[in-house]
Amino acid sequence: MLDIQLLRKDLDHVVQRLELRRKPQPFIHVAAFEAMEAERKDLQVRTEQWQAQRNALSRDIGQRKATGESVEAAMAEVGQLKAQLEQAAHDLSRLQQAMHEALLAVPNLPHPQVPVGADEAANVEVRRWSPAGGAGADPAPLAWPAQDHVALGEPLGLDFEAGAALAGARFNVMRGPVARLHRALAAYMLDLHTQHHGYTECVTPYMVNANALVGTGQLPKFEQDLFAVKKGGAQADDEAQQLYLIPTSEVTLTNLVAHRVLAADALPMRLTAHTPCFRSEAGAAGRDTRGMIRQHQFDKVEMVQVVHPEASDAALRDMVGHAEAVLQGLELPYRVVALCTGDIGFSAARTYDLEVWLPAQQAYREISSVSNCEAFQARRMQARVKLPDGKNTLVHTLNGSGVAVGRALVAVLENHQQADGSVYLPAALRPYLGGLQRLTPQP
(Lines give C-alpha, C1' and ligand atoms only; values in the text may rest on other atoms or scores of the structure.)
Protein backbone atom coordinates (compact mmCIF):
# COMPACT_ATOMS: atom_id res chain seq x y z
CA MET A 1 0.00 0.00 0.00
CA LEU A 2 1.19 3.50 -0.77
CA ASP A 3 1.99 5.93 2.01
CA ILE A 4 -1.06 8.17 2.31
CA GLN A 5 1.19 11.03 3.40
CA LEU A 6 2.82 10.87 -0.03
CA LEU A 7 -0.56 11.38 -1.66
CA ARG A 8 -1.32 14.27 0.64
CA LYS A 9 1.99 15.98 -0.04
CA ASP A 10 2.39 15.32 -3.79
CA LEU A 11 -0.72 13.78 -5.33
CA ASP A 12 0.17 14.98 -8.84
CA HIS A 13 3.51 13.13 -8.76
CA VAL A 14 1.86 9.92 -7.56
CA VAL A 15 -0.73 10.09 -10.33
CA GLN A 16 1.96 10.71 -12.95
CA ARG A 17 3.94 7.64 -11.79
CA LEU A 18 0.85 5.46 -11.74
CA GLU A 19 -0.14 6.55 -15.24
CA LEU A 20 2.99 4.76 -16.49
CA ARG A 21 1.47 1.44 -15.48
CA ARG A 22 -0.76 -0.81 -17.54
CA LYS A 23 -4.04 0.72 -18.60
CA PRO A 24 -6.97 1.13 -17.89
CA GLN A 25 -6.63 4.17 -15.69
CA PRO A 26 -7.05 5.84 -13.31
CA PHE A 27 -5.81 3.91 -10.29
CA ILE A 28 -6.65 6.88 -8.10
CA HIS A 29 -9.88 8.83 -8.57
CA VAL A 30 -8.38 12.23 -7.88
CA ALA A 31 -11.63 14.11 -7.34
CA ALA A 32 -12.93 11.47 -4.92
CA PHE A 33 -9.65 11.41 -2.99
CA GLU A 34 -9.52 15.19 -2.79
CA ALA A 35 -13.15 15.31 -1.57
CA MET A 36 -12.44 12.74 1.16
CA GLU A 37 -9.25 14.55 2.13
CA ALA A 38 -11.11 17.88 2.37
CA GLU A 39 -13.77 16.24 4.54
CA ARG A 40 -11.07 14.71 6.76
CA LYS A 41 -9.37 18.06 7.29
CA ASP A 42 -12.69 19.73 8.05
CA LEU A 43 -13.57 17.03 10.59
CA GLN A 44 -10.20 17.30 12.28
CA VAL A 45 -10.40 21.12 12.46
CA ARG A 46 -13.91 20.99 13.94
CA THR A 47 -12.85 18.26 16.38
CA GLU A 48 -9.96 20.37 17.62
CA GLN A 49 -12.24 23.40 18.00
CA TRP A 50 -14.88 21.44 19.92
CA GLN A 51 -12.27 19.84 22.16
CA ALA A 52 -10.84 23.29 22.94
CA GLN A 53 -14.35 24.59 23.72
CA ARG A 54 -15.09 21.61 25.98
CA ASN A 55 -11.80 22.03 27.83
CA ALA A 56 -12.48 25.74 28.36
CA LEU A 57 -16.02 25.03 29.56
CA SER A 58 -14.76 22.34 31.93
CA ARG A 59 -12.36 24.81 33.49
CA ASP A 60 -15.12 27.40 33.69
CA ILE A 61 -17.46 24.90 35.36
CA GLY A 62 -14.83 24.15 37.98
CA GLN A 63 -14.39 27.85 38.74
CA ARG A 64 -18.16 28.46 38.93
CA LYS A 65 -18.65 25.54 41.29
CA ALA A 66 -15.94 26.96 43.53
CA THR A 67 -17.84 30.27 43.79
CA GLY A 68 -21.26 28.62 44.05
CA GLU A 69 -22.53 29.87 40.67
CA SER A 70 -24.97 27.87 38.54
CA VAL A 71 -23.32 25.54 36.01
CA GLU A 72 -26.47 24.06 34.47
CA ALA A 73 -26.19 25.89 31.12
CA ALA A 74 -22.48 25.16 30.85
CA MET A 75 -23.08 21.46 31.63
CA ALA A 76 -25.69 21.28 28.88
CA GLU A 77 -23.27 22.82 26.42
CA VAL A 78 -20.55 20.33 27.45
CA GLY A 79 -23.04 17.51 26.84
CA GLN A 80 -23.81 18.85 23.38
CA LEU A 81 -20.11 19.14 22.57
CA LYS A 82 -19.56 15.56 23.74
CA ALA A 83 -22.24 14.33 21.35
CA GLN A 84 -20.71 16.34 18.49
CA LEU A 85 -17.25 14.92 19.25
CA GLU A 86 -18.57 11.35 19.33
CA GLN A 87 -20.30 11.84 15.98
CA ALA A 88 -17.15 13.42 14.50
CA ALA A 89 -15.05 10.49 15.76
CA HIS A 90 -17.50 8.06 14.13
CA ASP A 91 -17.46 10.04 10.85
CA LEU A 92 -13.67 10.28 10.87
CA SER A 93 -13.30 6.53 11.48
CA ARG A 94 -15.70 5.80 8.61
CA LEU A 95 -13.83 8.18 6.32
CA GLN A 96 -10.41 6.76 7.21
CA GLN A 97 -11.69 3.25 6.54
CA ALA A 98 -13.00 4.32 3.14
CA MET A 99 -9.64 5.90 2.28
CA HIS A 100 -7.82 2.77 3.48
CA GLU A 101 -10.00 0.52 1.31
CA ALA A 102 -9.47 2.78 -1.69
CA LEU A 103 -5.69 2.62 -1.21
CA LEU A 104 -5.79 -1.19 -1.08
CA ALA A 105 -6.73 -1.17 -4.78
CA VAL A 106 -3.88 1.16 -5.80
CA PRO A 107 -0.69 -0.54 -7.10
CA ASN A 108 2.87 0.25 -6.12
CA LEU A 109 4.79 3.10 -7.74
CA PRO A 110 7.32 1.97 -10.36
CA HIS A 111 10.94 2.48 -9.37
CA PRO A 112 12.50 5.43 -11.26
CA GLN A 113 14.89 3.05 -13.09
CA VAL A 114 12.12 0.82 -14.46
CA PRO A 115 11.91 1.11 -18.28
CA VAL A 116 8.86 3.08 -19.38
CA GLY A 117 6.45 1.26 -21.66
CA ALA A 118 2.82 0.26 -22.10
CA ASP A 119 3.21 -3.54 -22.17
CA GLU A 120 5.67 -6.44 -22.46
CA ALA A 121 6.84 -5.22 -25.87
CA ALA A 122 8.78 -2.50 -24.00
CA ASN A 123 10.60 -4.91 -21.68
CA VAL A 124 14.39 -4.68 -21.93
CA GLU A 125 16.72 -7.65 -22.24
CA VAL A 126 19.57 -7.30 -19.74
CA ARG A 127 21.64 -10.39 -20.56
CA ARG A 128 21.43 -13.94 -21.82
CA TRP A 129 23.29 -17.16 -21.11
CA SER A 130 23.63 -20.53 -22.81
CA PRO A 131 25.53 -23.69 -21.87
CA ALA A 132 26.80 -23.68 -25.44
CA GLY A 133 28.78 -20.46 -25.01
CA GLY A 134 28.15 -18.91 -21.60
CA ALA A 135 27.28 -15.24 -21.15
CA GLY A 136 25.82 -13.58 -24.24
CA ALA A 137 25.51 -16.83 -26.19
CA ASP A 138 22.41 -17.90 -28.10
CA PRO A 139 20.92 -21.37 -27.61
CA ALA A 140 22.56 -24.10 -29.70
CA PRO A 141 20.12 -25.43 -32.33
CA LEU A 142 19.06 -29.06 -32.26
CA ALA A 143 20.20 -31.32 -35.09
CA TRP A 144 16.66 -32.69 -35.53
CA PRO A 145 13.12 -31.26 -35.47
CA ALA A 146 12.36 -30.34 -31.86
CA GLN A 147 9.59 -32.21 -30.07
CA ASP A 148 7.61 -30.33 -27.43
CA HIS A 149 7.40 -31.42 -23.81
CA VAL A 150 4.02 -33.08 -24.32
CA ALA A 151 5.34 -35.45 -26.98
CA LEU A 152 8.50 -36.07 -24.98
CA GLY A 153 6.78 -36.36 -21.62
CA GLU A 154 3.93 -38.73 -22.39
CA PRO A 155 6.21 -41.76 -22.98
CA LEU A 156 7.94 -40.82 -19.68
CA GLY A 157 4.70 -40.82 -17.66
CA LEU A 158 3.16 -37.37 -18.22
CA ASP A 159 -0.61 -37.86 -18.49
CA PHE A 160 -2.94 -34.97 -19.31
CA GLU A 161 -6.00 -37.14 -19.95
CA ALA A 162 -5.89 -38.54 -16.42
CA GLY A 163 -5.52 -35.02 -15.00
CA ALA A 164 -8.52 -33.80 -16.98
CA ALA A 165 -10.60 -36.79 -15.86
CA LEU A 166 -9.79 -36.08 -12.22
CA ALA A 167 -10.08 -32.28 -12.15
CA GLY A 168 -10.69 -30.83 -15.61
CA ALA A 169 -8.57 -28.87 -18.06
CA ARG A 170 -5.16 -27.48 -17.01
CA PHE A 171 -4.35 -30.38 -14.66
CA ASN A 172 -2.03 -33.34 -15.19
CA VAL A 173 -0.86 -36.58 -13.62
CA MET A 174 2.79 -37.66 -13.54
CA ARG A 175 3.97 -41.23 -13.14
CA GLY A 176 7.30 -43.02 -13.16
CA PRO A 177 10.33 -41.25 -14.69
CA VAL A 178 8.71 -37.84 -15.18
CA ALA A 179 7.35 -37.84 -11.61
CA ARG A 180 10.82 -38.71 -10.34
CA LEU A 181 12.32 -35.89 -12.41
CA HIS A 182 9.79 -33.42 -10.97
CA ARG A 183 10.73 -34.42 -7.41
CA ALA A 184 14.45 -34.24 -8.23
CA LEU A 185 14.11 -30.71 -9.61
CA ALA A 186 12.42 -29.42 -6.45
CA ALA A 187 15.01 -31.10 -4.19
CA TYR A 188 17.89 -29.69 -6.25
CA MET A 189 16.49 -26.16 -6.02
CA LEU A 190 15.91 -26.35 -2.27
CA ASP A 191 19.39 -27.70 -1.62
CA LEU A 192 20.98 -25.01 -3.80
CA HIS A 193 19.15 -22.19 -2.02
CA THR A 194 19.63 -23.51 1.51
CA GLN A 195 23.21 -24.77 1.19
CA HIS A 196 24.69 -22.12 -1.10
CA HIS A 197 22.44 -19.03 -1.02
CA GLY A 198 21.68 -18.75 2.69
CA TYR A 199 17.92 -19.38 2.71
CA THR A 200 16.05 -21.11 5.51
CA GLU A 201 13.74 -23.86 4.28
CA CYS A 202 10.14 -23.54 5.50
CA VAL A 203 7.00 -25.65 5.38
CA THR A 204 3.92 -23.42 5.42
CA PRO A 205 0.14 -23.87 4.99
CA TYR A 206 -1.30 -24.33 1.52
CA MET A 207 -4.41 -22.41 2.60
CA VAL A 208 -4.52 -18.91 4.08
CA ASN A 209 -7.05 -16.42 5.35
CA ALA A 210 -7.97 -13.23 3.53
CA ASN A 211 -5.75 -11.07 5.73
CA ALA A 212 -2.63 -12.83 4.46
CA LEU A 213 -3.63 -12.19 0.86
CA VAL A 214 -4.41 -8.55 1.59
CA GLY A 215 -0.96 -8.24 3.13
CA THR A 216 0.88 -9.30 -0.03
CA GLY A 217 -1.52 -7.60 -2.45
CA GLN A 218 -3.56 -10.43 -3.99
CA LEU A 219 -6.70 -9.14 -2.28
CA PRO A 220 -8.92 -7.31 -2.82
CA LYS A 221 -7.98 -6.63 -6.43
CA PHE A 222 -7.27 -10.16 -7.72
CA GLU A 223 -9.87 -12.32 -5.99
CA GLN A 224 -10.98 -13.77 -9.35
CA ASP A 225 -7.53 -15.34 -9.74
CA LEU A 226 -7.82 -17.28 -6.47
CA PHE A 227 -9.43 -20.56 -5.48
CA ALA A 228 -11.61 -20.13 -2.39
CA VAL A 229 -12.06 -23.10 -0.06
CA LYS A 230 -15.64 -23.66 1.06
CA LYS A 231 -15.93 -25.28 4.46
CA GLY A 232 -18.80 -27.60 5.21
CA GLY A 233 -21.32 -27.46 8.02
CA ALA A 234 -22.41 -24.38 9.90
CA GLN A 235 -19.31 -22.41 8.94
CA ALA A 236 -19.83 -22.76 5.18
CA ASP A 237 -21.17 -19.22 4.81
CA ASP A 238 -19.04 -17.57 7.48
CA GLU A 239 -16.80 -15.06 5.69
CA ALA A 240 -14.56 -14.84 8.75
CA GLN A 241 -13.74 -18.53 8.23
CA GLN A 242 -13.09 -18.21 4.48
CA LEU A 243 -9.80 -19.68 3.33
CA TYR A 244 -8.02 -19.54 -0.03
CA LEU A 245 -5.56 -21.91 -1.69
CA ILE A 246 -2.22 -20.14 -2.01
CA PRO A 247 -1.32 -18.75 -5.46
CA THR A 248 2.34 -18.82 -4.35
CA SER A 249 4.21 -19.36 -1.08
CA GLU A 250 5.26 -15.72 -1.33
CA VAL A 251 2.01 -15.17 0.59
CA THR A 252 2.86 -17.42 3.52
CA LEU A 253 6.59 -16.68 3.69
CA THR A 254 6.17 -12.90 3.54
CA ASN A 255 3.36 -12.90 6.10
CA LEU A 256 5.63 -14.57 8.65
CA VAL A 257 6.73 -11.01 9.53
CA ALA A 258 3.24 -9.46 9.51
CA HIS A 259 2.42 -7.28 12.55
CA ARG A 260 5.91 -7.73 13.94
CA VAL A 261 8.70 -5.38 14.95
CA LEU A 262 11.91 -7.18 14.07
CA ALA A 263 15.24 -6.68 15.77
CA ALA A 264 17.79 -5.00 13.50
CA ASP A 265 20.05 -8.05 13.61
CA ALA A 266 17.19 -10.32 12.45
CA LEU A 267 17.68 -8.93 8.95
CA PRO A 268 18.29 -9.88 6.24
CA MET A 269 15.81 -12.73 6.46
CA ARG A 270 16.00 -15.28 3.63
CA LEU A 271 13.22 -17.85 3.37
CA THR A 272 12.41 -20.56 0.82
CA ALA A 273 9.68 -23.16 0.43
CA HIS A 274 8.53 -25.77 -2.06
CA THR A 275 4.75 -25.74 -2.37
CA PRO A 276 1.97 -26.35 -4.85
CA CYS A 277 0.44 -23.14 -6.19
CA PHE A 278 -3.17 -22.74 -7.27
CA ARG A 279 -4.35 -20.14 -9.79
CA SER A 280 -7.60 -19.83 -11.68
CA GLU A 281 -5.83 -18.23 -14.68
CA ALA A 282 -8.92 -16.06 -15.07
CA GLY A 283 -7.24 -13.81 -17.63
CA ALA A 284 -5.61 -16.59 -19.63
CA ALA A 285 -8.53 -18.07 -21.55
CA GLY A 286 -7.26 -19.71 -24.74
CA ARG A 287 -3.57 -19.19 -23.87
CA ASP A 288 -1.11 -22.09 -23.53
CA THR A 289 -3.86 -24.70 -23.56
CA ARG A 290 -1.42 -27.44 -24.58
CA GLY A 291 0.90 -28.86 -21.98
CA MET A 292 2.21 -27.63 -18.63
CA ILE A 293 3.03 -23.99 -19.28
CA ARG A 294 -0.16 -22.64 -17.72
CA GLN A 295 -1.81 -24.93 -15.16
CA HIS A 296 -4.33 -24.41 -12.36
CA GLN A 297 -2.00 -26.36 -10.03
CA PHE A 298 1.77 -26.28 -10.28
CA ASP A 299 4.77 -26.50 -7.97
CA LYS A 300 7.24 -23.74 -7.28
CA VAL A 301 10.26 -23.20 -5.09
CA GLU A 302 9.87 -19.65 -3.80
CA MET A 303 12.48 -17.23 -2.47
CA VAL A 304 11.53 -14.39 -0.10
CA GLN A 305 13.80 -11.83 1.49
CA VAL A 306 12.96 -9.31 4.21
CA VAL A 307 15.64 -6.63 4.45
CA HIS A 308 16.52 -3.17 5.73
CA PRO A 309 15.23 -0.54 3.27
CA GLU A 310 18.69 0.54 2.12
CA ALA A 311 19.60 -3.09 1.30
CA SER A 312 16.73 -3.99 -1.03
CA ASP A 313 18.37 -2.98 -4.33
CA ALA A 314 21.35 -5.24 -3.59
CA ALA A 315 19.02 -8.02 -2.44
CA LEU A 316 17.15 -7.84 -5.75
CA ARG A 317 20.39 -8.33 -7.68
CA ASP A 318 21.33 -11.24 -5.44
CA MET A 319 17.98 -12.96 -5.88
CA VAL A 320 18.14 -12.70 -9.66
CA GLY A 321 21.57 -14.34 -9.41
CA HIS A 322 20.16 -17.11 -7.22
CA ALA A 323 17.49 -17.92 -9.81
CA GLU A 324 20.10 -17.79 -12.57
CA ALA A 325 22.25 -20.29 -10.65
CA VAL A 326 19.36 -22.78 -10.79
CA LEU A 327 19.11 -22.51 -14.58
CA GLN A 328 22.84 -22.62 -15.13
CA GLY A 329 23.06 -25.76 -12.99
CA LEU A 330 20.34 -27.31 -15.16
CA GLU A 331 22.30 -26.27 -18.28
CA LEU A 332 19.35 -24.33 -19.68
CA PRO A 333 19.64 -21.34 -22.03
CA TYR A 334 17.90 -18.26 -20.62
CA ARG A 335 17.77 -14.50 -20.67
CA VAL A 336 17.14 -11.86 -17.98
CA VAL A 337 14.58 -9.18 -18.82
CA ALA A 338 13.82 -5.93 -16.97
CA LEU A 339 10.05 -5.47 -16.97
CA CYS A 340 8.70 -2.10 -18.05
CA THR A 341 6.24 0.07 -16.12
CA GLY A 342 3.29 -1.40 -18.02
CA ASP A 343 4.24 -5.01 -17.23
CA ILE A 344 5.32 -5.07 -13.58
CA GLY A 345 2.98 -6.68 -11.08
CA PHE A 346 0.61 -4.93 -8.69
CA SER A 347 2.85 -5.02 -5.61
CA ALA A 348 6.20 -4.65 -7.36
CA ALA A 349 8.28 -1.51 -7.65
CA ARG A 350 10.80 -3.29 -9.87
CA THR A 351 10.88 -6.74 -11.48
CA TYR A 352 13.28 -8.90 -13.47
CA ASP A 353 11.98 -11.96 -15.32
CA LEU A 354 14.11 -14.95 -16.21
CA GLU A 355 12.94 -16.48 -19.47
CA VAL A 356 14.09 -19.98 -20.44
CA TRP A 357 14.52 -21.09 -24.05
CA LEU A 358 12.00 -23.66 -25.33
CA PRO A 359 13.16 -25.24 -28.62
CA ALA A 360 9.70 -26.46 -29.64
CA GLN A 361 8.31 -22.92 -29.43
CA GLN A 362 11.52 -21.26 -30.65
CA ALA A 363 10.91 -18.69 -27.95
CA TYR A 364 11.95 -17.63 -24.47
CA ARG A 365 9.24 -18.20 -21.83
CA GLU A 366 9.07 -16.93 -18.26
CA ILE A 367 10.32 -19.36 -15.62
CA SER A 368 11.05 -16.94 -12.76
CA SER A 369 9.96 -13.46 -11.77
CA VAL A 370 11.95 -11.61 -9.09
CA SER A 371 10.49 -8.44 -7.58
CA ASN A 372 11.38 -5.75 -5.07
CA CYS A 373 8.17 -4.56 -3.42
CA GLU A 374 10.03 -2.04 -1.24
CA ALA A 375 7.72 -0.99 1.66
CA PHE A 376 4.46 -1.63 -0.23
CA GLN A 377 3.66 -5.03 1.30
CA ALA A 378 5.21 -4.14 4.66
CA ARG A 379 2.85 -1.17 5.03
CA ARG A 380 -0.15 -3.44 4.36
CA MET A 381 1.18 -6.01 6.87
CA GLN A 382 2.65 -3.52 9.37
CA ALA A 383 6.01 -5.31 9.27
CA ARG A 384 8.72 -3.14 10.81
CA VAL A 385 12.29 -3.23 12.07
CA LYS A 386 13.70 -1.38 15.08
CA LEU A 387 16.57 0.91 14.08
CA PRO A 388 19.64 1.58 16.24
CA ASP A 389 18.14 4.93 17.30
CA GLY A 390 15.14 3.09 18.73
CA LYS A 391 12.70 4.16 16.02
CA ASN A 392 10.68 1.66 13.97
CA THR A 393 10.60 1.72 10.18
CA LEU A 394 8.91 -0.44 7.58
CA VAL A 395 11.01 -3.28 6.17
CA HIS A 396 11.40 -3.97 2.45
CA THR A 397 10.15 -7.28 1.05
CA LEU A 398 11.29 -9.13 -2.06
CA ASN A 399 10.08 -12.33 -3.68
CA GLY A 400 11.03 -14.50 -6.61
CA SER A 401 10.59 -17.92 -8.15
CA GLY A 402 13.58 -20.07 -7.51
CA VAL A 403 12.19 -21.52 -9.85
CA ALA A 404 8.83 -22.83 -11.14
CA VAL A 405 9.27 -26.62 -10.98
CA GLY A 406 6.85 -27.53 -13.76
CA ARG A 407 8.33 -25.05 -16.21
CA ALA A 408 11.83 -26.25 -15.29
CA LEU A 409 10.68 -29.77 -16.12
CA VAL A 410 9.34 -28.53 -19.47
CA ALA A 411 12.67 -26.82 -20.20
CA VAL A 412 14.77 -29.86 -19.23
CA LEU A 413 12.69 -32.15 -21.45
CA GLU A 414 12.85 -29.85 -24.46
CA ASN A 415 16.43 -28.60 -24.20
CA HIS A 416 17.97 -31.96 -23.30
CA GLN A 417 15.94 -34.13 -25.66
CA GLN A 418 17.82 -36.65 -27.78
CA ALA A 419 17.03 -37.89 -31.25
CA ASP A 420 15.81 -41.26 -29.89
CA GLY A 421 13.27 -39.61 -27.55
CA SER A 422 15.37 -40.00 -24.41
CA VAL A 423 16.29 -37.01 -22.25
CA TYR A 424 19.81 -36.19 -21.08
CA LEU A 425 20.01 -35.36 -17.38
CA PRO A 426 22.34 -32.52 -16.31
CA ALA A 427 25.03 -33.46 -13.80
CA ALA A 428 23.37 -31.31 -11.11
CA LEU A 429 20.29 -33.56 -11.10
CA ARG A 430 21.98 -36.96 -11.15
CA PRO A 431 22.56 -37.23 -7.37
CA TYR A 432 18.78 -36.91 -6.93
CA LEU A 433 18.12 -39.65 -9.50
CA GLY A 434 20.48 -42.34 -8.28
CA GLY A 435 23.21 -41.38 -10.72
CA LEU A 436 20.92 -41.80 -13.74
CA GLN A 437 22.24 -40.00 -16.82
CA ARG A 438 19.19 -40.27 -19.08
CA LEU A 439 15.47 -40.73 -18.91
CA THR A 440 14.28 -43.25 -21.46
CA PRO A 441 10.69 -43.81 -22.65
CA GLN A 442 8.82 -46.56 -20.84
CA PRO A 443 7.92 -49.63 -22.93
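In which loop is Pro220 found? Pro220 is found in the loop between α7 and β7, where helices (H or I, at least four residues) and strands (E, at least two) are DSSP runs numbered from the N terminus. The model is predicted: local features need pLDDT of at least 70 and side-chain atom pairs count only at pLDDT 80 or more, while totals for chains, interfaces and linings use all residues. Residues are numbered from 1 along each chain as its sequence is written, and side-chain values use heavy atoms, with hydrogens and water left out.

**Overall architecture**

- The protein chain has 11 helices and 19 strands, and its C-alpha trace spans about 105 × 50 × 40 Å along the principal axes.
- Of the 443 residues of the protein chain, 49% count as buried; buried means under 20% relative accessible area, exposed over 50%, and partly exposed in between (1.4 Å probe, protein chains only).
- Among contacts in the protein chain with a separation of 6 or more, 71% are between residues 24 or more positions apart, where contact means heavy atoms within 4.5 Å.

**Nonpolar cores**

- The largest nonpolar core has 53 residues, of which Leu181, Leu185, Met189, Leu330 and Val403 touch the most other members; such a core is a set of buried Ala, Val, Leu, Ile, Met, Phe, Trp, Tyr and Cys residues joined through side-chain atoms within 4.5 Å.
- Helix α6 (residues 176-196) gives the most to this core, with 9 residues.
- Leaving aside residues up to four places away in sequence, Leu185 touches Leu330, Val405, Ala408, Leu409, Val412 and Leu429.
- A second, separate core of 30 residues includes Leu11, Leu43, Val71 and Leu104.

**Aromatic and charge-ring contacts**

- There are 5 aromatic pairs, counted when rings of Phe, Tyr and Trp (its six-membered ring) have centres within 6.5 Å; planes under 30 degrees apart count as stacked, over 60 as edge-to-face and the rest as tilted.
- Trp129 and Tyr334 form a stacked pair, 5.8 Å centre to centre with 25 degrees between the planes.
- Trp129 lies in strand β1 (residues 124-130) and Tyr334 in strand β12 (residues 334-338), so this pair ties together parts that are 205 residues apart in sequence; both residues are buried.
- Phe222 and Phe346 are an edge-to-face pair because their ring centres are 5.4 Å apart and their planes stand at 85 degrees.
- Phe222 lies in the loop between α7 (210-216) and β7 (227-229) and Phe346 in the loop between β12 and β13 (350-358), so the pair ties together parts that are 124 residues apart in sequence.
- Phe222 is partly exposed, with a relative accessible area of 28%, whereas Phe346 counts as buried at 10%.
- Phe222, Phe346 and Phe376 form one aromatic cluster.
- The charged end of Arg270 sits over the ring of Tyr199, 5.9 Å from its centre; the rule requires NZ of Lys or CZ of Arg within 6 Å of the ring centre and within 35 degrees of the ring normal.

**Strand pairing**

- Strands β1 and β12 run antiparallel and are joined by 5 bridges, with Arg127 opposite Val336 in β12; two strands pair if DSSP finds at least two bridges between them.
- Strand β1 also runs antiparallel to β2 (residues 134-135), with 2 bridges, and a hairpin joins β1 to β2 through 3 residues.
- Ser130 stands opposite Gly134 in β2.
- An open sheet of 3 strands has the order β9-β15-β16 with mixed pairing; its edge strands are β9 (261-262) and β16 (392-394), each pairing on one side only.
- Strands β9 and β15 (residues 384-386) run parallel through 2 bridges, and Val261 stands opposite Arg384 in β15.

**Backbone features and a buried loop residue**

- The peptide bond from Leu219 to Pro220 is cis, with omega near 5 degrees.
- The peptide bond from Gly402 to Val403 is also cis, with omega near 10 degrees; Val403 is found in strand β17 (residues 396-404).
- Gln362, although not a glycine, has a positive phi of about 50 degrees; Gln362 is found in the loop between β13 and β14 (363-372) and is exposed, with a relative accessible area of 56%.
- Ser249, in the loop between β8 (243-245) and α8 (250-254), is buried, with a relative accessible area of 1%.
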